[in-house]
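Please open the structure in the viewer and keep the selection tool at hand.

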Amino acid sequence: MTAANRVLAATPGHTASAAPAASRIWKQPAQVWAVAFACVVAFMGIGLVDPILPAIADALEATPVETELLFTSYLVVTGLAMLVTSWISSRIGAKATLLVGLGIIVVFSLLCALSGSVDAIIGFRAGWGLGNALFISTALATIVGAASGGSSAAIILYEAALGLGIAIGPLVGGILGEISWRGPFFGVVALMAIAFVAVTVLLRGPSPERTPLPFSAPFRALRRPALAILAATALFYNIGFFTLLAFSPFPLGFGAMGIGLTFFGWGVALAITSVWVAPLLLRRLRLTSVLLIALPLLALDLLVAAFVVSSAGALVACIVVGGLVLGVVNTALTEAVMEATDLPRSVASSAYSAVRFLGGAIAPPLAALLWHASNAGVPYVMAALAVAIATAFILFGRRLLAHIDGAHADAADEGAAVLLGDAA
């Protein structure tokens, strides 16, 4: 069991009513802020390249399909690496895992910035994905172990960092992308280098006891029916998620700044519903009911996008509305994984994250292929069908998921614990 899990398990009445006062949340030691800052930068990387996709395609004479592979290589490696991060960090420790992950990101983001071909950037983004998996899978447990104010304060900080990173990543990418498509990559190098120094200097103290996990644990976890259903749901849901995120910059037709502002709105919407709206819904409705409401709404939003794709303003509205729904689904799915099995959360989340990231890896190049084979609306139809399949997994697997409906753990406090895997 991870450090984060031990703290969560030992916290009685771990619900929203037990959430710490705001003044306690923000009074944290320097090492917590160091990791939180690094988290913001790491999560920025998810949407950072979004505004510069058309610019990269133009500058490097790449097709949209080739450009979309920047997401695919990143997400494939991130997903596969999730299967081994818990094994690695349980042996070398959290701080070493954080620093290795940050160092890898610095190196490969610099290589992306210096690249002269889209093929090279695709390969270097894969290396970036490895570093990202090592870092983000360990950050939560590190914050929990060092934070004052209890585990609730620590996890709220982690979620705040996640929401902030997802929101400002596209905005920073748009600002720097107006200068050059290389700008966002150089920005990541500088910020991650600062984060590396901060973690090295500020993250001190005795290391927690290590309990090595078997290499095969995440693979065996997928044999559990409830976890397998949720992983399959997340795979198809992420096809919808990343079609909206990674394909939309092309039909929008905006410059880097316009794309950045659009997805800044998308990220803010996602952060608001994941942190505040989803927990309210989960306290009033069964968890599977929330998913069976939100997933069809997402499919409907994607279908609307397919019909209004020729209108930039209408497509922007669909993207932002999609962000609102995505925040609810993200939190509900991760809450479901928390309650799906009696496995250590690091094991369950590693298995789940590996499968769901593969869905995200499939979507961008597939959307670009469908666009060129037909028209810009077809990728959104494909994404809507994928989300409908995700809904069917929940609907027809509801009997196997019945036990999670009886759990009342607060999604706002615990949802981030498996969002990207807490493997320390």
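This is a predicted model: local features need pLDDT of at least 70, side-chain atom pairs count only at pLDDT 80 or more; totals for chains, interfaces and linings use all residues.

In which helix does Gly 313 lie? Select Gly 313: it lies in helix H15. Helices here are DSSP runs of H or I with at least four residues, strands are runs of E with at least two, and both are numbered from the N terminus. Gly 313 has a relative accessible area of 52% and is exposed. In this tour, buried means under 20% relative accessible area, exposed means over 50%, and partly exposed lies in between, with a 1.4 Å probe and protein chains only.

Residues are numbered from 1 along each chain as its sequence is written, and side-chain values use heavy atoms, with hydrogens and water left out.

**The whole protein**

Display the whole protein as a cartoon. It has 19 helices and zero strands. The protein comprises 424 residues, of which 59% count as buried. Next, show the surface. Contact means heavy atoms within 4.5 Å. Among contacts with a separation of 6 or more, 88% are between residues 24 or more positions apart.

**Helices H13 and H15**

Return to H15 (residues 312-340) and select helix H13 (residues 256-284) with it. Their axes are 7 Å apart and the helices pack at an angle of about 40 degrees. Axes are lines fitted to C-alpha atoms, for helices over the stretch in contact, and angles run from 0 to 180 degrees between N-to-C directions. H13 and H15 are therefore oblique to each other; angles under 35 degrees count as roughly parallel, over 145 as roughly antiparallel, 65 to 115 as roughly perpendicular, and the rest as oblique. The crossing of H13 and H15 is right-handed. A crossing is left-handed if the near helix is turned anticlockwise from the far one by less than a right angle, and right-handed if clockwise. Show side chains at the contact: H13 contributes residues including Trp 266, Leu 270 and Val 277, and H15 contributes residues including Ile 319, Leu 324 and Glu 335. By class, this contact of H13 with H15 holds 15 nonpolar, eight polar and one charged residues. Ala, Val, Leu, Ile, Met, Phe, Trp, Tyr, Cys and Pro count as nonpolar, Asp, Glu, Lys and Arg as charged, and the others, Gly among them, as polar.

Select Thr 243, which is found in helix H11 (residues 225-247). Is Thr 243 buried or exposed? Thr 243 is buried, with a relative accessible area of 0%. Not counting residues up to four places away in sequence, its contacts include Ser 248, Ala 363, Tyr 380 and Ala 383.

Select helix H17 (residues 378-396) together with H11: the two axes come within 8 Å and cross at roughly 160 degrees. That makes H11 roughly antiparallel to H17. The crossing of H11 and H17 is left-handed. Among the residues that meet here are Phe 236, Gly 240 and Thr 243 in H11, and Met 382, Ala 386 and Phe 393 in H17. The contact of H11 with H17 divides into 18 nonpolar, three polar and no charged residues.

Move to Leu 191 in helix H9. Leu 191 is partly exposed, with a relative accessible area of 27%. Leaving aside neighbours within four places in sequence, Leu 191 is in contact with Phe 37, Val 41 and Met 44.

Now select H9 (residues 183-202) and helix H3 (residues 30-47), which pack at an angle of about 155 degrees with their axes 9 Å apart. H3 and H9 are therefore roughly antiparallel to each other. Their crossing is left-handed. The contact of H3 with H9 has 14 nonpolar, one polar and no charged residues.

**Glu 61**

Finally, select Glu 61, in the loop between helix H4 (53-59) and helix H5 (64-92). Phi of Glu 61 is near 50 degrees, a positive value in a residue other than glycine. Glu 61 counts as exposed, at 74% relative accessibility.
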